[in-house]
Number of protein chains: 4
Amino acid sequence: MTVRVGVIGAGWIGQEHIRRLTDVVTGARVTAVTDIDAERAARAAAGPGARVYADGAALVAADDVDAVLVTSWGPTHAEHVLNAIAAGKPVFCEKPLATTAEDCLRITEAEMAHGRRLVQVGFMRRFDHGYRQLKDVIESGRVGEPLVVHCAHRNPTVPESYTSDMAALDTAVHEIDVLRWLLDDEIVSTQVVTPRSTSKRFAHLKDPQLMLFETAKGTRIDLEVFVNCQYGYDIQCEVVAEDGLVRLPDPAAVGVRTAGQHSTEVLTDWVGRFEAAFDTEFREWIAGVAAGAEPTGPSAWDGYAATVITSATAEALTSGDVISTDMKPRPVFYGGTA
Amino acid sequence: MTVRVGVIGAGWIGQEHIRRLTDVVTGARVTAVTDIDAERAARAAAGPGARVYADGAALVAADDVDAVLVTSWGPTHAEHVLNAIAAGKPVFCEKPLATTAEDCLRITEAEMAHGRRLVQVGFMRRFDHGYRQLKDVIESGRVGEPLVVHCAHRNPTVPESYTSDMAALDTAVHEIDVLRWLLDDEIVSTQVVTPRSTSKRFAHLKDPQLMLFETAKGTRIDLEVFVNCQYGYDIQCEVVAEDGLVRLPDPAAVGVRTAGQHSTEVLTDWVGRFEAAFDTEFREWIAGVAAGAEPTGPSAWDGYAATVITSATAEALTSGDVISTDMKPRPVFYGGTA
Amino acid sequence: MTVRVGVIGAGWIGQEHIRRLTDVVTGARVTAVTDIDAERAARAAAGPGARVYADGAALVAADDVDAVLVTSWGPTHAEHVLNAIAAGKPVFCEKPLATTAEDCLRITEAEMAHGRRLVQVGFMRRFDHGYRQLKDVIESGRVGEPLVVHCAHRNPTVPESYTSDMAALDTAVHEIDVLRWLLDDEIVSTQVVTPRSTSKRFAHLKDPQLMLFETAKGTRIDLEVFVNCQYGYDIQCEVVAEDGLVRLPDPAAVGVRTAGQHSTEVLTDWVGRFEAAFDTEFREWIAGVAAGAEPTGPSAWDGYAATVITSATAEALTSGDVISTDMKPRPVFYGGTA
Amino acid sequence: MTVRVGVIGAGWIGQEHIRRLTDVVTGARVTAVTDIDAERAARAAAGPGARVYADGAALVAADDVDAVLVTSWGPTHAEHVLNAIAAGKPVFCEKPLATTAEDCLRITEAEMAHGRRLVQVGFMRRFDHGYRQLKDVIESGRVGEPLVVHCAHRNPTVPESYTSDMAALDTAVHEIDVLRWLLDDEIVSTQVVTPRSTSKRFAHLKDPQLMLFETAKGTRIDLEVFVNCQYGYDIQCEVVAEDGLVRLPDPAAVGVRTAGQHSTEVLTDWVGRFEAAFDTEFREWIAGVAAGAEPTGPSAWDGYAATVITSATAEALTSGDVISTDMKPRPVFYGGTA
């Protein structure tokens with residue numbers, strides 16, 4: 001069975017995923033596209049030979065749409081996801097699940113009312129080979145219980161439209177999700193320390209930022225977010241545990257020796273860093289949908305957690321205080337005890 | 001357009017490629033299978049819902065076969081490839097193209113008579129990300145003209161059926177192809193030096209072997225083949241050139257620190273090492289076939305060269321001499337001047 | 001000219017330095033030893049053939065003592081250093097210079113009154129080859145202005161007598177000194193975050209601790225101190241700057257591949273890690289004394305700063321607050337503007 | 001007791017060792033210097049305040065010379081070493097021990113007649129920390145019996161006076177000695193393969209050269225000597241054994257990330273690479289002499305072996321043949337059975 005996917009939002013990331021579902025992932029076909037810009041929708045639909053729909057609601061309702069992919073503007077996500085749940089269709093929603101905690105909770109409630117999982121949120125790092133190796137080592141017990149995690153998330157540069165709160169909302173959100181999964185733990189408080197900002201920044205921007213998270217089990221995480229680091233796109237993660245530590249590898253790259261230097265290339269682009277993770281993410285999602293299984297990737301609850309924690313972190317940046325995340329208790333439906 | 005592939009030979013590697021064409025590579029469908037063991041053919045055909053054919057000739061002739069994949073026993077390759085050429089169908093042949101130089105030449109002659117390339121030989125290393133980075137660096141001129149290449153090809157263990165000449169014929173063949181491509185050069189002589197053999201070997205086996213190749217341009221290659229190295233599957237390649245050197249990376253792996261050691265995993269399996277290369281190899285082959293383009297991967301001429309050089313190397317092992325490869329001049333059709 | 005050194009304190013570190021001055025460093029001779037335990041003094045004096053003195057004052061005053069080495073119990077340091085200054089003799093004092101800020105200031109005042117530098121404090125990291133490379137890179141401007149520094153200081157285990165405040169006073173003190181020097185900057189505030197403690201600890205101990213420092217220029221430093229990390233003695237330092245970063249290397253160690261692992265040894269002992277730094281530290285100190293030059297190593301002011309900052313950090317551990325270091329302005333004598 | 005050393009030969013390496021014995025190594029004093037150029041001798045003697053002698057014989061005979069260091073022109077070594085043996089004085093001779101096998105044997109015979117070891121030959125790699133780690137791993141049995149060794153010895157450039165046979169006589173001689181020691185084995189044959197030479201060379205020079213050695217136990221060694229590699233001074237050694245492998249580390253160097261590259265410095269100078277080994281070599285030699293012990297470093301027999309094997313290798317370069325080293329049986333005096 002080929003999974004027929006309808007795509008809501010045909011911007012850059014939507015186009016990327018249409019290409020992925022068409023050319024890279026087997027077992028899927030993009031049959032429907034919609035976008036606020038009808039011409040852009042038409043262009044994006046041309047490749048896979050999909051039909052263009054007037055809006056998300058029409059697309060979700062269409063007979064030839066088995067599963068929905070939401071890649072529209074963040075504030076519209078909740079509506080589309082709720083429509084898909086109402087239609088009983090699997091839905092993959094790019095991050096964020098919703099821009100407010102309230103909307104995220106409405107989604108979880110709708111999904112719980114439906115009675116089985118339909119929603120997967122687009123946090124691709126859980127599908128990265130290196131992070132999966134990290135998790136395997138942690139779960140094997142080889143290094144013991146995690147106590148401290150050191151992370152860095154660095155981009156070469158960002159455009160002027162990038163604001164200081166986006167360090168939490170758009171950038172750190174990936175670490176926040178992947179660390180909750182890696183540690184099988186919840187983040188309970190957040191704090192932001194601001195070094196002097198790079199002089200290569202726009203004047204309005206706090207960059208780098210040093211974020212500090214505490215988990216329910218008492219593990220402490222420090223995360224450097226530095227989105228104008230100039231030198232490359234560089235993701236670091238080191239988990240220090242009771243008996244040892246484990247560290248994310250750098251991507252494999254040829255070593256070159258010339259002129260008194262041994263050099264390896266550092267990526268400068270997040271696409272190259274996580275392309276294989278995106279492919280795996282969609283391959284597994286499509287396989288699950290095709291099998292009629294509930295999704296195993298990040299859940300609506302994970303989407304809620306990410307929105308709560310990133311919002312608290314943005315607040316911590318402004319206030320300078322340690323902010324408690326004050327999340328709702330995790331329902332049994334999502335693996336919790338509440 | 002979906003490329004309909006007929007597979008001749010449903011042993012382990014045939015099954016692997018059937019799975020790959022079905023589950024991993026988009027744009028292809030396995031529609032036909034044949035094998036000397038009809039039951040095995042039937043089992044392999046079941047997954048993709050392919051038809052079983054009585055023999056290779058029938059399969060090649062079938063209307064629902066756009067392209068042929070030859071994964072049968074080596075000595076039968078030539079016949080199937082010649083059939084495909086006669087039918088004007090693209091054919092992907094696992095190594096070796098043929099087990100004798102004469103058969104390889106017959107294939108090149110048939111292909112030249114046909115007038116355009118139809119044949120691709122299954123040397124997957126050219127599709128490995130690391131080797132491609134190596135080639136990019138060499139071609140960029142950053143390290144200058146290659147002078148010496150150091151290689152190692154190590155397997156943890158081989159079964160008792162593995163004989164000393166297979167070090168050249170089955171194992172070194174991959175380096176021989178990839179180095180000809182990497183250096184854009186031809187191997188003109190070969191020699192084998194035999195260290196004392198590992199005591200972990202079977203008594204009949206010369207292992208490790210140190211192979212020495214000379215290219216037309218005068219570059220020297222040393223290649224350690226060690227198929228019972230115990231510790232892992234490990235592929236090394238370092239190109240020393242006039243202004244510097246470039247080295248193949250080890251696969252990325254998490255670093256673990258415990259008990260006074262920093263450790264990273266070494267693969268123990270060639271499938272893991274080259275799985276992504278196999279995927280890319282087939283993705284590019286299928287895309288080319290779908291586009292009606294000539295294949296860009298290893299040609300029939302490369303298959304001929306590999307057979308000549310590996311045979312000469314097996315002879316060098318027996319004789320202890322430096323053996324000239326005495327290849328025919330490369331025809332213009334294959335990028336040569338003859 | 002051979003520098004005749006008198007050693008006050010013949011415990012483990014005193015004996016180490018006596019051996020170093022006798023067997024490793026040229027141009028020096030230990031001619032005098034004293035210790036609160038006269039027998040221990042006698043044993044330590046035997047090797048170099050030194051005379052035993054009844055107390056520090058007598059040793060400082062001795063004619064055959066050109067320079068004084070203080071390796072006694074911390075609370076006695078100030079007295080011995082002040083004696084040496086009064087005698088106008090160069091004095092090398094193991095850390096801490098004094099256990100209170102007041103005593104440190106008395107020493108700086110005495111030294112300023114004397115009119116030229118006599119005091120060097122035993123922070124050996126400034127003499128480590130790796131840290132010197134770090135400083136060279138920073139000062140070269142290759143990576144630009146430092147913004148964030150990530151450090152880790154890990155010991156395999158500590159004895160039960162180690163208390164939580166010693167993480168700052170005895171352990172972090174080395175990073176505190178070397179970072180002030182590396183960054184050519186002053187630490188103005190300190191904070192300690194406590195992850196859950198390792199279950200391998202003694203019940204009384206907060207371990208690991210995450211220390212956060214802010215410098216006058218606005219650089220932020222995070223330092224993980226983990227003194228029961230089990231796996232090794234491991235010192236990490238990464239300086240993230242405006243145009244790139246630079247990282248302290250691990251000690252060179254042979255790579256071993258066996259049984260599916262690539263491994264390098266991690267040291268388990270700080271002596272091995274910094275032995276060459278100790279040798280260089282004493283070689284440079286003795287050469288300076290022999291030449292009649294003022295010492296170029298860590299000054300009495302650096303000793304004052306270390307005591308102030310480590311005390312503030314120990315206070316921050318207890319209070320949970322961000323503590324301002326409130327240091328006196330740096331006198332012109334010590335390179336400042338006050 | 002201070003060992004009083006007389007130095008024969010005050011060229012660059014002689015001056016280096018005079019400085020080392022004066023400033024770096026404790027327990028030694030250079031009391032006598034001679035050189036064919038009396039002015040150069042006088043300049044070299046000034047630093048340590050040594051007396052200048054008219055010739056080697058006079059220096060060896062001098063009462064204030066406890067031990068002799070030979071750093072003169074190679075062809076004169078034998079005479080000075082024989083003089084020292086005749087005088088019953090310990091003698092450290094820079095490589096080569098003598099320029100002919102016959103002279104080397106005369107030295108071994110004189111030393112055997114004397115009845116205890118007096119001679120140490122200046123192969124400093126045995127004192128390098130990395131090579132010692134290599135040997136420890138091999139002797140621990142962790143990797144099993146060595147089967148193949150891959151080595152490279154690269155210099156950035158050499159002056160025009162460097163001739164092709166010097167690749168064996170002056171450059172490979174270090175690997176030849178250190179491998180005999182590392183493997184506890186003897187080299188029985190040698191061969192040289194010549195890749196096309198670098199175009200950055202002088203026209204007269206075969207560079208790089210690929211040397212192949214076979215040991216008595218059947219281990220095979222390949223050694224790339226490339227003395228105009230441009231990029232750096234780079235020493236590589238990998239021992240492949242029955243259960244795994246062990247590899248010499250690169251010198252520790254800070255990692256720098258800038259402009260899309262992760263870089264570490266490659267040394268460009270052999271002095272920096274082996275300075276610590278030289279220091280250890282002399283420290284251990286002086287300590288042994290002071291203790292009246294026989295030297296434990298490379299013996300006169302090792303000097304003989306090095307001369308035989310390097311000569312055979314130079315011959316192999318000219319003839320293109322595999323040359324048997326045809327060494328005399330090793331006497332019991334030197335740890336052999338003859």
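Good morning. Two strands are said to pair if DSSP finds at least two bridges between them. Helices (H or I, at least four residues) and strands (E, at least two) are DSSP runs, numbered from the N terminus.

The model is a predicted one: local features need pLDDT of at least 70, side-chain atom pairs count only at pLDDT 80 or more, and totals for chains, interfaces and linings use all residues. Residues are numbered from 1 along each chain as its sequence is written, while chains are lettered from A and ligands numbered from 1 in the order in which they are written.

I begin with chain A. Its open sheet has six strands in the order 3-2-1-4-5-6, with parallel pairing. At the edges lie strand 3 (51–52) and strand 6 (119–122) of chain A, each pairing on one side only. Within chain A, strand 1 (residues 3–8) and strand 4 (residues 67–70) pair in the parallel sense over four bridges. Which residue of strand 4 is the bridge partner of Val5(A)? That partner is Ala67(A).

I turn now to chains C and D. Their contact, in which the C-beta atoms of two residues, placed from the backbone, lie within 7 Å, takes 26 residues from chain C and 26 residues from chain D. On the side of chain C that touches chain D, the elements giving two or more residues are helix 1 (12–24), helix 6 (129–140), strand 12 (244–247) and strand 13 (255–258) of chain C.

Across this contact, strand 12 of chain C pairs with strand 13 (residues 255–258) of chain D in the antiparallel sense, over four bridges. There, Leu245(C) has Arg257(D) as its bridge partner. Thank you.
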